[in-house]
Amino acid sequence: MAANMRGLTQFIADIRGARVRELEEKRINKEMANIRKKFKAWCSCHAADGNLDGYQKKKYVAKIIFTYILGYKVDVGHMEAVNLISSSKYSEKQIGYLAVTLLMHENSDFLRLVVNSIRKDLDENNEVSNCLALHAIANVGSSEMAEALSEDVHRLLISPTSQTFVKKKAALTLLRLYRKHPTVIPAAEWALRLVSIMDDQDLGVVICVTSLVMALAQDHLDAYAVCYTKAVDRLHRLVIEGEYSATYAYYKVPSPWLQVKLLRLLQYYPPSEDATLRSVLHEVLQTVMNNSAEPSRNVQHNNAQHAVLFEAISLAIHLDASSPLVGTSAVLLARFISSKETNVRYLGLDTMAHLAARADSLEPLKKHQGTIILSLRDKDISVRRRALDLLYSMCDTDNSELIVGELLRYLKVADYALREEMVLKIAILTEKYANSYKWYVDTILQLISAAGDHVGDEVWYRVVQIVTNTEDLQEYAAKVVFEHLKSPSTHESLVKVGGYILGEYGHLIANDAGYSPLEQFQVLHSKSQFCVASTRSLLLSTYIKWVNVFPEIKPQLINIFERYRHVLDAELQQRACEFYSLASRPDDDEVLQNVCEEMPPFPPRVSALIGRLNRKLGDTEDKRTWIHGGKEMNLERHANSRKATLGPGSSAAGTTAVTGTADAQDVMSSLAGLNLSSSSDQPDSSRMDGSVVAPRVAVGPSVEKWFSKLIYSADGVLYEDVQIQIGIKSRYQGHLGQLAIYLGNKISVPLTSFTSTIHVNDSEALSATFAKIPPNTLVPRTQSQQLLHVECKKAFSSFPILTVSFLAGAHQSISIRLPISVTKFIEGVKLGQADFFERWKVIGGPPREAQAVFPITLDGHGQLDLVRYRQVVSGNHLEILEDVDPNPSNLVAAGVLHTSVDGKVGCLLRLEPNREAKLCRLTVRSTSEDVAAEVLRLIEKLLRVDSS
């Protein structure tokens, strides 16, 4: 660039040749004065001969950029940079965009002038201009720019004519905008279209889009749920089928960056109930672990393989912590935490902490407890921090004393950056796994003595709560804290604990040798001169308590109150005056006794220590799916997050309620009766009970006609339009069924990013899973078949919904009901006349009887359409019984519903049409009232409305 502009080249040479800073500043000031003069002349007479051409403006703006990069303040050239962006020449446009991104901050008024130019470059059919505009949006990314241009960036990303590198930059630009201004991006609205790009042929595009989907899915899980199948399918193609170009093989590892992102994305969702997806995932994870069983001599290959392996182990733990895969993982992790490589040790300890946070048994980890404790003294502080997290997560009642003891010993020599976190974790473990209250008190007082300034108020608050609420502990606590106060150097937190406990329970030990009231007073008061005003205030409260219970030292205490009445601190002075007045009252006065009564027990409350620890750790852009602290803590976190998501007024992010402090919980509990939720009627993707709302199904006369016919027939067309045809062929046996779904592409171009998903409203009653992951491309003029396995567990009333989405120019999505009704799982039963009426009477009337009278239509000859009636009843798998009803127009049928959970359910039917009244009475009796009502509803709808 500089080679083509001699003036710029000479300017840079002069700057570099300056021997002292004064000469450099002199040269820059001279050049800036010249540039101002040129720009000013151009502004005053830009239509005359003094007009600057594009080359000159480019040269001067480049000099300004170089000056800015050197660290000098620049106040000229902004308007010229805006003008350069509009140039048709690439070199001028490039300098203009560079100046805008460097010289202008996101709140600059000049940015409003470039929005239209940027939009014009985005709309151009020129990939270079597109990329320059995308760079500017990503680097500046102001709120106004995000609102004005996010739609244009999205259009570039989804456009089938965009080049691959433009799509990559567009995806990363959207990611940048979402992280800075999440409310500007309509994430849920764009979900299906963005997820469809995960099937792109270019893995570079897939990597960038997956990064975007990861960020969006964390806050919109339901909207992006379809990405789960896409991620599993892509992993299978990468790891098992080897479907990737050589460009994306990094030291023989297929696109490790994409693998890591996909494995992490799957951890945001609960384990899938789909057996096919679980099987494919198991195969992928097993292959990844087998590939990493033996380390390679190539360091880069090892790094890539380990990156994928650690994420695969995390996913295996997330899916099922008790699976054989996790057992294999534990063996691999044991090898990694002893590795010579710092990075491998770090990742091994972090992944082992994940295992400890989810595993039912900690025994496999305890075998390596010695190695983990040694890691506390690793030369790398990040490894030491991970070792601390792992010990915190794997602690239980069996090893708590050992781990806490080791942490206390290490605390004295630990880095200052680690000490506050260590104090919180030791305090939490001591309280949670204390085998005896005496051990708890001893350990916490040792902690306060050793940690000093790193002990937060929450720690000693919690000690006071537990001692106050545990009567058996009070005398022992008073003795132990007194002994600690005798040491020459005592931290102020320990003085606070000692002041409170001796003030409340010092009288319990006053008669023991060495613990007399005078000795207690002398030890405690000797520490007060080194304490701040708030601690002295607490000690004054201790002294007024002693006035009530230790009359022998009352004169000394009154003397102290007298001295503190004249201090400058308002709080201390007020307390001293009030306490002096109380202490000066007669001995038989009951006011002092009532005021200084022993503190009552605290109400039960959650420890604030965990909230403080979570608040300290905070959140990152990539939210963790687990926290340090064992399985119980993770289960509690999951329950809290569900409650926060489903409760009134919950936020979309759903994380603040999990990591909220005890203070916030107290505030919310006081507002428990108020409805703080907004009154907006915006649609949400999930109900208040947590179930996902069913997709909106396609409607139309033909669609309804095809669907109704398939309710009582085994095969036929389910949906058809100009692009796609969907047909069904089914068979059922007992409580199991199989549907062959035929998908036909009727147009001359392939349907890409093809996705098929099944929505079942009540998964406890009906399960429906594809036999294998559906292909993502439907070639022109061909038909593909997908097998769907269904199982009836209980009686159900809603139809599963099949959603197919694909790209055919634009993204399209079609949702249709599948003709899977409860009657499909009925098998006909042959009964004689006596048997039928006997069972009919045994079942009895309501509620196990359902009956309806409805109008019917006659055939073309004015007669009952008995053939159709028989076709509908038998098509619903009920056996029509001949010669049972004396009226030849009536139909009688029987069957047994098979379910895997509720067993067999008998069902009897009687259909009585009346030609003269054009009415029909339908009666269904069943041993289950739900089955009777559902069979009645299905058959009545088919007979009431002509769907032939």
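View 1. Welcome to a predicted model, in which local features need pLDDT of at least 70 and side-chain atom pairs count only at pLDDT 80 or more, while totals for chains, interfaces and linings use all residues. Residues are numbered from 1 along each chain as its sequence is written, and side-chain values use heavy atoms, leaving out hydrogens and water. Helices (H or I, at least four residues) and strands (E, at least two) are DSSP runs numbered from the N terminus. Two strands pair if DSSP finds at least two bridges between them; S7 and strand S8 (residues 783-792) are antiparallel partners over five bridges. Helix H35 (residues 701-711) packs on the sheet, where it touches S3 and strand S4 (724-733), and its direction makes about 160 degrees with that of S3. Such angles run from 0 to 180 degrees between N-to-C directions, with axes fitted to C-alpha atoms, for helices over the stretch in contact. Contact means heavy atoms within 4.5 Å.

**View 2. Here is the strand order of that five-stranded open sheet: S3-S4-S5-S8-S7, with antiparallel pairing.** At its edges are strand S3 (715-720) and strand S7 (766-770), each pairing on one side only. From one strand to the next, the twist averages 25 degrees.

**View 3. Three strands make an open antiparallel sheet in the order S6-S9-S10.** Strand S6 (752-759) and strand S10 (810-817) each have a single partner strand, so one side of each is left without a neighbour in the sheet. Neighbouring strands here are turned by 15 degrees against each other on average, direction ignored. Look for the six bridges between S6 and strand S9 (residues 801-808), which pair in the antiparallel sense. Threonine 755 stands opposite serine 805 in S9.

**View 4. Helix H5 shows its buried residues and its packing partners.** Buried means under 20% relative accessible area, exposed over 50%, and partly exposed in between (1.4 Å probe, protein chains only). The buried residues of H5 include Glu92, Lys93, Ile95 and Tyr97. Against them pack helix H3 (54-69), helix H4 (78-85), helix H6 (111-123) and helix H7 (127-140). The expected span of a helix is 1.5 Å times one less than its number of residues; for the 14 residues of H5 (residues 90-103) this gives 20 Å, and the end C-alpha atoms are 20 Å apart, which agrees.

**View 5. Ile118 and Tyr224 have the most contacts inside the largest nonpolar core, which has 212 residues.** Such a core is a set of buried Ala, Val, Leu, Ile, Met, Phe, Trp, Tyr and Cys residues joined through side-chain atoms within 4.5 Å. Its largest share, twelve residues, comes from helix H11 (residues 203-219). Another core, of 67 residues, lies apart from it, with Phe796, Ile820, Val873 and Leu943 among its members.

**View 6. Tyrosine 228 and tyrosine 269 form an edge-to-face pair, 6.1 Å centre to centre with 85 degrees between the planes.** Rings of Phe, Tyr and Trp (its six-membered ring) pair if their centres lie within 6.5 Å; planes under 30 degrees apart count as stacked, over 60 as edge-to-face and the rest as tilted. Tyrosine 228 sits in helix H12 (residues 227-240) and tyrosine 269 in the loop between helix H13 (256-266) and helix H14 (275-291), so the pair ties together parts 41 residues apart in sequence. Both tyrosine 228 and tyrosine 269 are buried.
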